[in-house]
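These are my notebook entries on one protein chain. I began with a pocket, then turned to the core and the confidence values.

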Amino acid sequence: MVQFWITLQKLVQYNIKIIFGNKFLYFMLSALAFYVITVIVKLLGDDEITQATAYSMLMLPSILLVFYPMCFGIQNVEIIFGIPNYSYKVWLLRLIISYVICFVITCFLALLTDLAIVSVPPMGLTLQAMVPALFIGTLSFMLSTMIKNGNGTSVVIIIIGLLFSMIQGAIGDSQWNIFLNPYDVPIDKNPQIFF
């Protein structure tokens, strides 16, 4: 049993190096830096810090953590002969590892938000912030398998993100808005109906 956990740990560490291109520390630090910058901007602003603000502070770091591995990871596929469906099993493991890492770091940032800035439910906030991250991550992975180029995929994803942010006002509070803030209840709607 101990050998199984040691093997699993080595497998996960090896795949983390491949997923993040041996730059995992940089991505953790960049997510933390984006979080700190967003917190400073929100604290220096005149608006009140609420759960809706905390959600918007967590969304960017969580998307950033899945953006690079999903866009550029397809370029690191190893070719192994003799094992059927090897690449599918490996990529399923890598997708799970990427999302688990993103979830853990987002949960840590949500807990930090709860302790230092505003009272929020850390687990609920983390789960809500993971929804756009899951969408952007799976869309990035799908496009990277079609485009087969990390730089091209990142450009397409950035264009799609800009288009979504431009039409955000038009789609408003509908279910088609992937950046919908579930903690920001519109003034003209009943909170129970919005929930």
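I first looked up which element gives most to the lining of the second largest pocket in this predicted model, and helix 6 has the largest share, with five residues. Helices here are DSSP runs (H or I, at least four residues), strands are E runs of at least two, and both are numbered from the N terminus. On a 1 Å grid over the protein atoms alone, a pocket is an open set of points where a 1.4 Å probe fits, with protein on both sides within 12 Å along at least five of seven lines; lining residues have an atom within 4 Å of a point.

I noted the conventions: residues are numbered from 1 along each chain as its sequence is written, and side-chain values use heavy atoms, without hydrogens and water. Local features need pLDDT of at least 70 and side-chain atom pairs count only at pLDDT 80 or more, while totals for chains, interfaces and linings use all residues.

I then recorded the pocket itself. About 220 Å³ of space lies in the second largest pocket, a volume being the space filled by probe spheres set on grid points joined across faces, edges and corners. Helix 3 (51–72) and helix 6 (150–166) are the elements that give two or more residues to its lining. Among the lining residues are Phe34, Phe67, Ile136, Ile157 and Gly161. The lining divides into 11 nonpolar residues, one polar and no charged. In this count Ala, Val, Leu, Ile, Met, Phe, Trp, Tyr, Cys and Pro are nonpolar, Asp, Glu, Lys and Arg are charged, and the others, Gly among them, are polar.

The largest nonpolar core has 44 residues, of which Leu58, Leu125 and Ile157 touch the most other members. Such a core is a set of buried Ala, Val, Leu, Ile, Met, Phe, Trp, Tyr and Cys residues joined through side-chain atoms within 4.5 Å; buried means under 20% relative accessible area (1.4 Å probe, protein chains only). Helix 3 gives the largest share of this core, 13 residues. Not counting residues up to four places away in sequence, Ile157 touches Phe67, Cys71, Ile136, Leu139, Ser140 and Leu143, where contact means heavy atoms within 4.5 Å.

Finally, I checked the whole chain. I found eight helices and zero strands, with buried residues making up 38% of the 195 residues. The mean pLDDT (the predictor's confidence in each residue, from 0 to 100) is 79.

Key
Buried < 20%, exposed > 50% of the residue type's maximum accessible area, 1.4 Å probe, protein only.
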